[in-house]
Amino acid sequence: MGIVAFEWAEGKTNQLTLLMNRDNWENRVISGASWSRNGQILSGRCKANNGTWFGITKGGRVAFLVNTSLLLDRVKSYSGSELYPVRFLEGNMSPEQFANEVKVHEKETNERHAYSLIVADMTSSSMVHILKPSDTKSDVVIETVPFGVHTLSSYEGLDSTDSARDLLLRRLFTQMVGNLGNVQQRQMEEIAGRFMYDAQAGRDAVFYHSRDEHPNGKLGTQRFGTTSTTALVVKRTREVMLFEKYMEQNGAWNTNNFAFNIQ
């Protein structure tokens with residue numbers, strides 16, 4: 001699962017501002033963000049399938065994903081919707097071309113997953129939402145993302161008007177980006193901590209934590225909740241700043257900071 005708030009801006013100092021939480025069961029191990037072997041792709045990874053929920057490249061390609069498979073723990077080795085962000089980041093298709101390829105692929109394979117995926121190219125100012133609303137049907141909906149503030153969540157998709165969690169995040173995020181201005185690297189952790197995890201906002205935070213019976217009864221009661229928070233700012237000058245707070249397998253929290261320029 002997961003939830004995202006982002007501003008896709010036209011004519012502002014920050015071209016893209018994003019806050020994202022990933023939620024999963026504790027038996028699923030993730031790695032913090034790191035550079036790929038060729039030094040071009042920055043992303044975290046799910047160790048079960050080597051897929052990702054968020055990534056950005058030095059060429060200005062961005063992808064982020066939320067899905068329902070994590071709630072049901074339908075994670076298989078080297079398959080699933082978390083491989084789509086990887087394919088987009090590694091490729092050279094435009095967001096529109098990639099979306100159409102995903103649509104064809106889903107028709108051919110009819111995999112049992114539902115998701116919302118955003119793919120974007122900072123250099124061409126192009127962003128597309130790819131929605132597969134049902135895990136029992138192969139239908140895929142493609143839409144161009146307009147400029148403005150948006151939310152994205154696993155069951156509600158883009159810009160839900162029904163989910164209390166989405167509406168809360170949209171309100172908090174809109175207030176925040178209205179006052180951001182020229183963001184500096186030292187501000188990134190504070191931006192993420194305002195309400196994505198329980199640093200300042202207290203009960204207003206959209207951080208999620210619970211202990212429940214795992215869908216696979218043999219695994220007993222486990223923690224299900226937020227395991228990663230990402231804050232991203234892409235400036236119109238092509239400067240990129242990223243902060244990440246993520247949970248290790250032992251339950252400890254670590255942080256990463258990255259800064260680079262789109263080439």
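In which sense do strand E10 and strand E11 (residues 157–158) pair, and over how many bridges? In this predicted model, E10 and E11 pair in the antiparallel sense, and two bridges connect them. Within this pairing, Ser-153 has Gly-157 of E11 as its bridge partner, and the two strands form a hairpin in which three residues lie between E10 and E11. Strand E10 itself, which spans residues 148–153, is mostly covered, with five of its six residues buried. E10 also pairs with strand E1 (residues 2–8), to which it runs antiparallel and is joined by six bridges; in this pairing, Gly-148 of E10 is the residue that stands opposite Trp-8.

A further set of strands forms an open sheet of seven members, which follow the order E3-E4-E5-E6-E7-E8-E9 with antiparallel pairing. The edges of this sheet are formed by strand E3 (30–35) and strand E9 (141–144), each of which pairs on one side only, and the twist from one strand to the next averages 15°.

Helix H2 (residues 83–90) lies across strand E4 (41–46), strand E5 (54–57), strand E6 (61–67) and E7, and runs at about 175° to E6. Helix H3 (residues 95–109), in turn, packs on the sheet and touches E7, E8 and E9, its direction making about 15° with that of E8.

The arrangement of the helices relative to each other can also be described. H2 and H3 pack at an angle of about 140°, and their axes are 11 Å apart; because angles over 145 degrees would count as roughly antiparallel and those from 65 to 115 as roughly perpendicular, this angle makes H2 oblique to H3. The crossing of the two helices, H2 and H3, is right-handed. On the H2 side, the contact is made by Tyr-84, Arg-87 and Phe-88, whereas H3 contributes Pro-95, Phe-98, Val-102, His-105 and Glu-106. By residue class, the contact of H2 with H3 comprises five nonpolar residues, one polar residue and two charged residues.

Key
Residues numbered from 1 in each chain as written. Predicted model: local features only at pLDDT ≥ 70, side-chain atom pairs only at ≥ 80, totals over all residues. Heavy atoms only, no water. Buried < 20%, exposed > 50% of the residue type's maximum accessible area, 1.4 Å probe, protein only. Helix = DSSP H or I, 4+ residues; strand = E, 2+ residues; numbered from the N terminus. Pairing = 2+ DSSP bridges. Axes fitted to C-alpha atoms, helices over the stretch in contact; angles between N-to-C directions. Contact = heavy atoms within 4.5 Å. Parallel < 35°, antiparallel > 145°, perpendicular 65-115°, else oblique. Left-handed = near helix turned anticlockwise from the far one by under 90°. Nonpolar A, V, L, I, M, F, W, Y, C, P; charged D, E, K, R; others polar.
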